[in-house]
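Hello,

Here is the structure we talked about handing over. Please have it open while you read; my notes follow below.

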Amino acid sequence: MVYLRFVASLMLKILMWGSIASIAWVAFSCEEFCEESNRTAVVVSFYAENTNASLTVNNVLITEAENSDTLYSKSNYSQVMLPVNPSSDMMSFSIQNDTLPADTITIRYTRHDGFISSKCGCVTYAEIQGEPDLKEHSITRMEVVSPNVATVSYRQGVINAENIRIYY
Amino acid sequence: MRRISGFIISVLLLLPVWCGAQDTVRYPVNEMKGIRIGVDISKLLLPVIYSGERMGFEATADMHIKGNLFGAAEAGWLYVNLDDTAYHYRENGLYGKIGADYNLLKSRRPNSNDIVYAGVRYGLSVFSQQAGQVTIPGHFWPDATGHSIPKNTMQAHWLELLFGVKAEVLKNLYAGLTFRVKFKIVSPKDNYSTPYQVPGFGNGNSGFSLGINYYVSYNIRF
């Protein structure tokens with residue numbers, strides 16, 4: 001009987017300390033910020049038409065086609081990210097390569113909302129439909145490599161899987 | 001000559017058994033009769049530990065099969081409710097586990113039904129998730145408000161390794177602590193949403209989980 005009482009009291013103590021420890025654990029060690037990526041964007045890579053090689057474009061200027069909000073302002077990129085508009089099934093951008101005339105592209109897609117995690121919340125995934133519209137001035141052609149638009153990383157040096165190729 | 005040497009060899013072979021028998025008195029192996037039914041009372045702490053985000057219940061049953069082997073099963077449900085400015089996320093599901101426990105406690109006291117055991121379980125959960133009042137940040141675009149993620153149902157399967165103790169604290173009443181290591185076999189499938197929790201398992205996006213249960217059970221004899 002002494003043995004049983006000892007075991008029972010030991011387990012009650014374990015439960016009590018275990019509960020205190022787990023409350024403390026949950027309270028203090030939960031991640032404060034969203035660790036995973038919670039941005040979805042169409043990944044566009046630039047290529048040279050004559051060599052089919054990856055191209056670093058100088059002074060890239062990308063603005064929203066209608067109201068001219070600036071997305072990329074005059075820096076050098078070989079890959080850019082166009083964020084998915086979660087309220088619409090299409091989006092248009094004006095893209096300018098250095099001093100060449102600007103082009104307007106329109107991308108159409110279907111959307112699916114998804115839950116990532118409790119800290120990151122929800123995002124809108126997209127699937128590109130058809131070929132993007134292009135008002136040609138400088139871009140020779142566009143190619144949809146992968147229609148699945150997923151979350152992207154904006155970290156330095158990370159190359160995201162490309163959705164669209166733009167040839168100059 | 002041969003009969004004498006045979007006799008001496010038999011005595012020598014039996015010596016360890018003979019000495020062993022003198023060392024400890026062996027009582028009959030645990031013969032818990034009937035079925036033992038219990039409840040995981042640590043689940044009552046879920047709303048406290050997780051600030052009202054989770055609520056659950058788990059029942060357990062086990063039965064002596066033969067020797068040191070017990071057949072065991074658990075069943076339960078989990079309800080998750082996350083209230084955030086950007087979403088109201090809900091999950092609801094049931095889970096069940098079935099397996100066996102092996103009693104490791106060798107030295108016995110008379111009429112002792114306490115066990116220290118190792119066990120295995122196969123676990124399965126069927127559950128649903130959904131979210132309402134979802135705000136999707138637009139980043140470059142305006143935020144999208146009033147979205148919702150429709151309810152969809154999925155399953156998960158996993159294996160568990162357990163280690164635990166069950167002590168008879170009053171006649172037929174047992175209390176016990178169990179530690180579990182869980183490995184996912186089949187992940188819940190949804191193309192777009194990762195479940196926050198898998199009922200009975202743990203985190204929705206990991207393949208490995210740990211758990212502790214505190215069971216209080218009663219042995220119904222028949």
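Strands (E, at least two residues) and helices (H or I, at least four) are DSSP runs, numbered from the N terminus.

A word on the source. This is a predicted model: local features need pLDDT of at least 70, side-chain atom pairs count only at pLDDT 80 or more, and totals for chains, interfaces and linings use all residues. Residues are numbered from 1 along each chain as its sequence is written, with chains lettered from A and ligands numbered from 1 in the order in which they are written.

**Pairing**

E2(A) and E5(A) run antiparallel, joined by four bridges. Two strands count as paired if DSSP finds at least two bridges between them. A:Phe93 is the bridge partner of A:Glu64. On E6(A), E5(A) pairs over six bridges, again antiparallel. There A:Arg108 stands opposite A:Met90. E5(A) and E6(A) form a hairpin with six residues between them. In its turn, A:Asp98 has a positive phi of about 55°.

**The chain and its core**

Chain A has one helix and eleven strands. Of its 168 residues, 23% are buried (20 or more other C-beta atoms within 10 Å of the residue's own; exposed means 12 or fewer, partly exposed in between; C-beta atoms are placed from the backbone).

The largest nonpolar core has 26 residues. Such a core is a set of buried Ala, Val, Leu, Ile, Met, Phe, Trp, Tyr and Cys residues joined through C-beta atoms within 7 Å. A:Ala41, A:Val42, A:Val44 and A:Leu82 have the most contacts inside it. Strands giving two or more residues include E1 (41-47), E2 (57-64) and E5 (90-96) of chain A. E1(A) gives the most, six residues.

Beyond four places in sequence, A:Val44 is in contact with A:Gln79, A:Val80, A:Leu82, A:Asn163, A:Ile164 and A:Ile166. Contact means C-beta atoms, placed from the backbone, within 7 Å.

**Where the chains meet**

In chain A, 29 residues are in contact with 32 residues of chain B. H1(A) supplies the largest share of chain A's side, eleven residues. By class, that side has 16 nonpolar, eleven polar and two charged residues.

Best wishes

Note on methods
Two residues are in contact if their C-beta atoms, placed from the backbone, lie within 7 Å. Ala, Val, Leu, Ile, Met, Phe, Trp, Tyr, Cys and Pro count as nonpolar, Asp, Glu, Lys and Arg as charged, and the others, Gly among them, as polar.
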